[in-house]
There are 2 protein chains.
Amino acid sequence: MDALTIHEAAETTGWSPRMLRYIERAGLLEPARSDAGYRLYGPAELQRLRTLRELLSTHDIGLTDIGFALRLRRDVELHDAVEAWFEEKVSRPDDVPAANWLRWEQEKHQRLLRAVALQNPTVLETA
Amino acid sequence: MDALTIHEAAETTGWSPRMLRYIERAGLLEPARSDAGYRLYGPAELQRLRTLRELLSTHDIGLTDIGFALRLRRDVELHDAVEAWFEEKVSRPDDVPAANWLRWEQEKHQRLLRAVALQNPTVLETA
DNA sequence: CAAACCTTGACACAGCTGTGGTAAGGTTGT
DNA sequence: ACAACCTTACCACAGCTGTGTCAAGGTTTG
């Protein structure tokens, strides 16, 4: 059979078993279950888990962000409400604030790096 | 002049001055500035602030969620990557997990209510 | 049947979120 | 000039996020 248990799936995807359950809890991926209730990860799930890893790390976002995106595409009313808010630029239609969240994100990243460096100084060498 | 200062804007929108700065920091709304650097909120900004309040409370989402939605519509690459991940349901195309995050959200809400109730028992009466 | 899995549930903990303060120092209006 | 604003930059604090670990109990397999 080509369905892995949670530890095996963890092994090949780089997540921990703990995180695989967490991801499921967040509604991002729901593996099949065996008769006894064991989680069964097929090839498609494994691929999605790897892609998810890639997605989060390369764009520096969190699981909850994907969770929100998921909610956006399911709850059309929410989606429309959010779009309406963005579109509501009644004045100054040439408004382009795009610089703040960038600095924000950069600072968050800096704080994270400092915190990690405190507990594991070797990251600085490979960075 | 129809531009309010931060305290006045706070008054009419229901946010605190503190939060208006926070919202700006998160990149969601950038008011004009006076020569001396004072924030100036025009009618459009005030409306957006009220709508934002409504949006957050009725859908029970956070500022960071809107921040992420903003990022999604600015960073096309990110948007495509997220969409690609959702679309990557190579197997089981009839997969509909839509129940987990609901329970998740409900529990979050419950925890919040309990926590609030501990410090302010009167909320239970009006609920 | 015993080792090696799996399941859910709970405790723990650092960092981020959302808020409120306070301080030191400019600006404005009377 | 003085009160009453405003600005940025910090401290604080409860709750959420992302992780790990451990316990009590069911399942699989040699």
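Chain A holds 7 helices and 2 strands, where helices (H or I, at least four residues) and strands (E, at least two) are DSSP runs numbered from the N terminus. Read from the N terminus on, the elements of chain A follow the order α-α-β-β-α-α-α-α-α. The model is predicted, and local features need pLDDT of at least 70, side-chain atom pairs count only at pLDDT 80 or more, and totals for chains, interfaces and linings use all residues. Residues are numbered from 1 along each chain as its sequence is written, while chains are lettered from A and ligands numbered from 1 in the order in which they are written.

Of the 127 residues in chain A, 17% are buried. A residue counts as buried if 20 or more other C-beta atoms lie within 10 Å of its own, as exposed if 12 or fewer do, and as partly exposed in between, with C-beta atoms placed from the backbone. Two residues are in contact if their C-beta atoms, placed from the backbone, lie within 7 Å. Among contacts in chain A between residues at least 6 apart in sequence, 50% join residues at least 24 apart.

**Relation of the two chains**

Chain A is superposed on chain B by a rotation of 180 degrees with 0.0 Å of shift along its axis, at an RMSD of 0.0 Å. This is the relation of a two-fold axis. The C-alpha of Asp65(A) is the nearest to the axis in chain A, at 3.5 Å from it. The superposition is made by least squares on the C-alpha atoms of residues with pLDDT of at least 70 in both copies.

**The contact between the chains**

Chain A contributes 36 residues to the contact and chain B contributes 35 residues. On the side of chain A that touches chain B, at least two residues each come from helix H2 (17-25), helix H3 (43-59), helix H4 (63-74), helix H5 (76-87) and helix H6 (100-119) of chain A. H4(A) gives the most to this side, with 10 residues. By class, the side of chain A that touches chain B has 19 nonpolar, 8 polar and 9 charged residues. In this classification Ala, Val, Leu, Ile, Met, Phe, Trp, Tyr, Cys and Pro are nonpolar, Asp, Glu, Lys and Arg are charged, and the others, Gly among them, are polar. The copies meet through the same surface, because 97% of the interface residues of chain A are also interface residues in chain B.

**The nonpolar core**

In soluble globular proteins, nonpolar side chains tend to be buried together. A nonpolar core is here a set of buried Ala, Val, Leu, Ile, Met, Phe, Trp, Tyr and Cys residues joined through C-beta atoms within 7 Å. The largest such core has 24 residues, and those with the most contacts inside it are Ala69(A), Leu72(A), Val82(A), Ala69(B), Leu72(B) and Val82(B). At least two residues of this core come from each of H2, H4 and H5 of chain A and from each of helix H2 (17-25), helix H4 (63-74) and helix H5 (76-87) of chain B. Leaving aside residues up to four places away in sequence, Ala69(B) touches Leu72(A) and Val82(A).

Helix H3 (residues 43-59) of chain B has 17 residues and reaches 24 Å from its first C-alpha to its last, close to the 24 Å expected at 1.5 Å a residue; the expected span is 1.5 Å times one less than the number of residues. The buried residues of H3(B) are Glu45(B), Arg48(B) and Leu49(B). They lie on the same side of H3(B), because they cover an arc of only 105 degrees around the axis, the arc being that of the directions from the helix axis to the C-beta atoms. These buried residues of H3(B) pack against helix H1 (6-13) of chain B. On the other side of H3(B), Pro43(B), Ser57(B) and Thr58(B) are exposed.

The table lists the exposure of selected residues.

| Residue | C-beta atoms within 10 Å | Exposure |
|---|---|---|
| Thr58(B) | 11 C-beta neighbours | exposed |
| Asp60(B) | 12 other C-beta atoms | exposed |

Asp60(B) is found in the loop between H3 and H4 of chain B and has a positive phi of about 55 degrees although it is not a glycine. Asp60(A), in the loop between H3 and H4 of chain A, likewise has a positive phi of about 55 degrees.
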